[in-house]
Amino acid sequence: MDVFFSGSIRGGRSDVGLYAELVEIIERHGTVLTEHVGVEDIEAKEEAEGLSDADIHDQDVAWLRQADCLVAEVSTPSLGVGYEIARAVEGETPVLCLYRPAADHDLSAMIRGSDAISVLEYETPADVESELEAFVQRHR
Ligand SMILES: O=c1[nH]c(=O)n([C@H]2C[C@H](O)[C@@H](COP(=O)(O)O)O2)cc1CO
């Protein structure tokens with residue numbers, strides 16, 4: 001089972017450690033196509049590999065098409081994450097968003113207000129582990 005994990009990169013990297021923990025939980029149940037989202041210095045690595053913005057976009061859209069479901073950490077707002085969520089919804093790929101109410105930003109109405117998107121509020125990965133596992137298992 002393939003999971004697309006979305007998390008902020010250019011929107012801000014303050015939650016990168018959390019992304020890595022969530023990726024680790026999901027990887028117990030399937031393949032995370034985008035585990036690079038949880039890698040500390042990913043932009044430097046992509047640059048060293050010579051990846052253009054078009055390469056990044058096209059690869060991510062291909063992974064979105066391949067994914068059985070999408071899990072997004074949405075506490076740090078990100079244009080790229082919002083774009084990936086919207087494309088997943090359009091493609092009828094199940095979407096689970098994880099949001100920490102203690103974060104600096106209120107969750108967008110375009111996420112919380114969508115019937116096609118499930119939102120789980122949490123404080124630490126341990127709080128959300130069993131529901132996250134159940135979501136991933138349900139969409140294998
Ligand atoms: O270098 C990148 N690699 C990459 O895979 N992405 C994708 C995956 C992330 O879920 C999302 C982050 O978007 P943003 O950079 O706008 O915060 O976009 C985004 C970037 C940079 O925009």
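Helix H3 (53–66) and helix H4 (79–90) each supply at least two residues of the shell around the ligand; helices are DSSP runs of H or I with at least four residues, numbered from the N terminus. H4 gives the largest share of that shell, three residues. This is a predicted model, in which local features need pLDDT of at least 70 and side-chain atom pairs count only at pLDDT 80 or more, while totals for chains, interfaces and linings use all residues. Residues are numbered from 1 along each chain as its sequence is written, and side-chain values use heavy atoms, with hydrogens and water left out.

The shell has 15 residues, and those that come nearest to the ligand are Arg-10, His-36, Glu-46, Ser-78 and Glu-84; near means that a heavy atom of the residue lies within 4 Å. A side-chain N or O atom of Glu-46 is 2.4 Å from a ligand oxygen atom. For the side chain of Glu-84 the corresponding distance to an oxygen atom of the ligand is 2.7 Å, and a backbone N or O atom of Gly-80 lies 2.9 Å from a ligand oxygen. The ligand taken alone exposes 450 Å², and the protein buries 90% of that (Shrake-Rupley method, 1.4 Å probe).

A search of the whole structure finds zero disulfides, a disulfide being a pair of cysteine sulfur atoms within 2.5 Å. Cys-69 has its closest cysteine sulfur in Cys-97, 12 Å away, which is too far for a bond. Cys-69 is buried at 0% relative accessibility, and Cys-97 is buried at 0% as well; buried means under 20% relative accessible area (1.4 Å probe, protein chains only).

Definitions and conventions. Buried < 20%, exposed > 50% of the residue type's maximum accessible area, 1.4 Å probe, protein only. Polar contact = N/O pair within 3.5 Å; in protein donor to acceptor, adjacent residues only side chain to side chain.
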